[in-house]
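Reader: I am new to this structure and would like to learn how to read it. Could we take it feature by feature?

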Amino acid sequence: MSFSISSFLESLQSAISYVPVTLKLTAITFVVSFFLGAVIATVRYYRIPVLSQFFAVFVTVYLGLPTMVALLLYNLLFMTFYGSFATFFHIPVPISEVNPIIIGYFTLIMGTTCSISESIRGAFRGIEKVQFEAGYSIGLSRFRTLTRIVFPQMVPILLPGMQNSLIGLLKASNLVSAISVIEVMAGALLPSLLYYSYLEGYVAAALVYWLIGIAIEIVAHYGEKYSGKYLKKTA
Amino acid sequence: MGNYFSAERFVHIFPKVISNLSVNLHIVFWSMLLGTVLGIIVAVLRIYRVPVVSGLLGIYISFMRGTPLLVQMMISFYGIPIVFGALFMQLFGINLNRLDPVIFVEIAIVLNEGAFLGEIFRGAITSVPAVQAEAGYSIGMTGAQTFYRIVLPQAFKVALPHYGVDFIGVFQNTSLVFILGVVDILGKAKTLGAATGHSLEGYLSAAIVYIAFSLLLKGAFLLAESRMKNGTAKNV
């Protein structure tokens, strides 16, 4: 058995045709998690009673749960309880018609929200108190101060961490193949199932992931340069 | 929930699942040990900018960081026997296809960690101000002495928090090995689930073990960090 170029190319073609699935999974999860993470971090920063304690415990515990375990657990719960859930809410869609990618989204969003909220909490620490006070002093409300003064300044602090989160998410998105969602990795393996050319399939998948990862790195690099501009001016 | 979850089955299954924790810890131990050694080598080669090697390492790190660990494990599992199979058969009489899949998992994680830890160590070593090394030279220390006595202890302190996060990450990544047929806690939970028809208790046990052990590791690293706090050079 050796490496066959023709099956590699076939796998590559198949993998590329599933790139939109992976990109969509990564992008939507990232955007949703970013907003939820920002909300959790803000709640914890202002120490809103009950909620902030709840999130503190929840995030700490949840970060100990590997994505794969969470995915299998949620998938099982979904399979078990979808029937009674659907009859209760009168949803006419049978379970076989439900795309399992929903569970993938749910799992990835839960995990990424927790890790992003920690990064944003770290970025809050990088903003000096004076910045808040400056906002209040010109009569901005709490919310306005956050959105107009604090969040824009967090962008350059957050970018390197967000780049890591995004690439981590891209890599974690292949786990959903375990619940029979077809994305880049599972897509690359489709021809392999016919010819038993698994190595070629996985190498093709690796190549596609690598290229997407490099693209993200390049974009983040320019983003970092651009968003850090104002820092140099003040110096 | 009724029939889906029973505390009795949970109590029965939990010890069975946790008994396979040793498989995960075995993988974590060897991966971290060899990965740390590889990481140090990678970091040193990158810092000294050894011509060709440094460029190749850049590609290696980019690949390891840009592709999912699961894909790397699979490439290791299918690729190593194809590439080195004939060689090992002739030299040592070992049939790589019959080898325990744990070994391929460990090779993949070690190579992966070599890249990640290499970057962590490189960042930590370069974060020590050059003045510190100059201080060492000024009192007549040799290059090696300066590195081991002055730069390394300071770099260690910088690297420790990242190392801790990475360590916990490796532990959590061992949850992927069941896909290759290694029976770790999650693999055991899955097999028990298939045998008894009740998976929920097994998965829940695995989740609890992962969370508890991750928190334990996190606590241990936080303790180590707080012990290291004294003697930190203050930036003026």
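Reader: How many Å separate the centres of domain 1 of chain B and domain 2 of chain B?

Author: The model is a predicted one. Taken over C-alpha atoms, the centres of the two domains of chain B are 25 Å apart. Domain 1 is made of residues 1-20 + 183-236, and domain 2 of residues 21-182.

Reader: Which helices of chain B each supply at least two residues of the side of domain 1 that touches domain 2?

Author: Start with the totals: domain 1 of chain B puts 20 residues into the contact and domain 2 of chain B puts in 18. On the side of domain 1, the helices are helix 8 (185-196) and helix 9 (200-227) of chain B. Helix 9 of chain B gives the most, with 9 residues. Sorted by class, that side has 12 nonpolar, 4 polar and 4 charged residues.

Reader: How many residues does the contact take from chain A and from chain B?

Author: There are 28 residues from chain A and 27 residues from chain B. In chain A, helix 4 (67-89), helix 7 and helix 9 (198-227) are the elements that give two or more residues. The largest share, 10 residues, comes from helix 9 of chain A. The side of chain A counts 22 nonpolar, 5 polar and 1 charged residues.

Reader: Which helices does helix 2 of chain A pack against through its buried residues?

Author: A buried residue has 20 or more other C-beta atoms within 10 Å of its own. In helix 2 of chain A, the buried residues include A:T22, A:F34 and A:R44. The buried residues of this helix pack against helix 3 (51-62), helix 5 (101-125), helix 7 (142-172) and helix 8 (184-195) of chain A.

Technical notes. Residues numbered from 1 in each chain as written. Chains lettered and ligands numbered in written order. Predicted model: local features only at pLDDT ≥ 70, side-chain atom pairs only at ≥ 80, totals over all residues. Buried ≥ 20, exposed ≤ 12 C-beta atoms within 10 Å, placed from the backbone. Helix = DSSP H or I, 4+ residues; strand = E, 2+ residues; numbered from the N terminus. Contact = placed C-beta atoms within 7 Å. Nonpolar A, V, L, I, M, F, W, Y, C, P; charged D, E, K, R; others polar. Domains from an automatic or database assignment.
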